[in-house]
Amino acid sequence: MTADNSKAAATDPGENPTPESTPSGEGRRFSAGDLAPATAVGFVFLILRIFAVSGYDWNTAFAVSTTLSLSDGLALVFGSLMAGHVLVQILLIGVLPLLIATYLWSTRGHRATVLLATALGSVTLIALTLSFRSWWLPAATAAVFGVFSLIRRLSVKHWLRRMFSVAMARVGGVAAVAVLLVAAFIQTPWVPQEQILTPYGSITGYVLSVDPGYLNVLTDNHEFVILNISEVLSRK
């Protein structure tokens, strides 16, 4: 490697720098400020999910928002990922190999957040593969990681190598964008679909919450309906 290439490698974003350029352990520290971006992403995720399941109708979104509480956060996130499994599979093919590459080749790789995201992505891939018999999913993910390995062998001055290094340095942002895409484009709510029988007919929809004496239901047509429990004959 020439002297110019050595200098470029030491300053290549996302890559492991030379010992002289970075003290041991630098870049792996955690601070309270790291929580701010995660909090912002969580808030935007919540707003996007409310609008998406409401068909981006303002009045319906307002009604849906009244059914949520602080305890619904985990169910909302997990249920949203379950409802949008096809989009999750597509996004996982690109995001998981990038997380693995960051863990292996970047100074940011051994941060707790990267390790947790990589483990979560791996578990999600296994679950999707077994649940939907998506045997192509791990193969496609491995193929993308193979492409990343080839890109890393390029000269540090190559534009593909530089873009890849920047992506590793911004892996948190890439993962956040993927999660927000799921929130914005999956219009299926985070609870199972039900068939509700009433004296006036059958309603197909999603029970978002149960209040004393009432059911708050979002129909397949993105209409918010409040049902009196005494009028509910059955739920399937």
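The legends below describe close-up views of a predicted model.

Local features need pLDDT of at least 70, side-chain atom pairs count only at pLDDT 80 or more, and totals for chains, interfaces and linings use all residues. Residues are numbered from 1 along each chain as its sequence is written, and side-chain values use heavy atoms, with hydrogens and water left out.

Helix 6 covers residues 112-132. Helices (H or I, at least four residues) and strands (E, at least two) are DSSP runs, numbered from the N terminus. At 1.5 Å a residue, the 21 residues of helix 6 should span 30 Å, and its end C-alpha atoms are 30 Å apart, which agrees. The expected span is 1.5 Å times one less than the number of residues. Buried means under 20% relative accessible area, exposed over 50%, and partly exposed in between (1.4 Å probe, protein chains only). The buried residues of helix 6 are Val114, Thr118, Gly121, Leu125, Leu128 and Thr129. Seen down the helix axis, they fall within an arc of 100 degrees, so they line one face of helix 6. This arc is taken from the directions from the helix axis to the C-beta atoms.

**View B. Around helix 6.**
Cover for the buried residues of helix 6 includes helix 5 (85-105), helix 7 (136-152) and helix 9 (171-185). Contact here means heavy atoms within 4.5 Å. The face turned away from the buried side carries the exposed residues Ala112, Thr113, Leu116, Leu120, Val123 and Ser131. Just after helix 6, Arg133 takes a positive phi of about 55 degrees.

**View C. Aromatic pairs.**
Rings of Phe, Tyr and Trp (its six-membered ring) pair if their centres lie within 6.5 Å; planes under 30 degrees apart count as stacked, over 60 as edge-to-face and the rest as tilted. The count comes to five aromatic pairs. Phe51 and Trp58 form a tilted pair, 5.7 Å centre to centre, with 50 degrees between the planes. Trp58 is exposed at 67% relative accessibility. The rings of Trp105 and Phe164 have centres 6.2 Å apart and planes at 75 degrees, so this pair is edge-to-face. Ring pairs link Trp105, Phe145, Phe148 and Phe164 into a cluster.

**View D. Strand 3 and its partners.**
Five of the six residues of strand 3 (residues 214-219) are buried. Strand 2 (residues 201-211) runs antiparallel to strand 3, joined by six bridges. Two strands pair if DSSP finds at least two bridges between them. Val207 stands opposite Val217 in strand 3. Strand 3 also pairs with strand 4 (residues 224-228) in the antiparallel sense, over five bridges.
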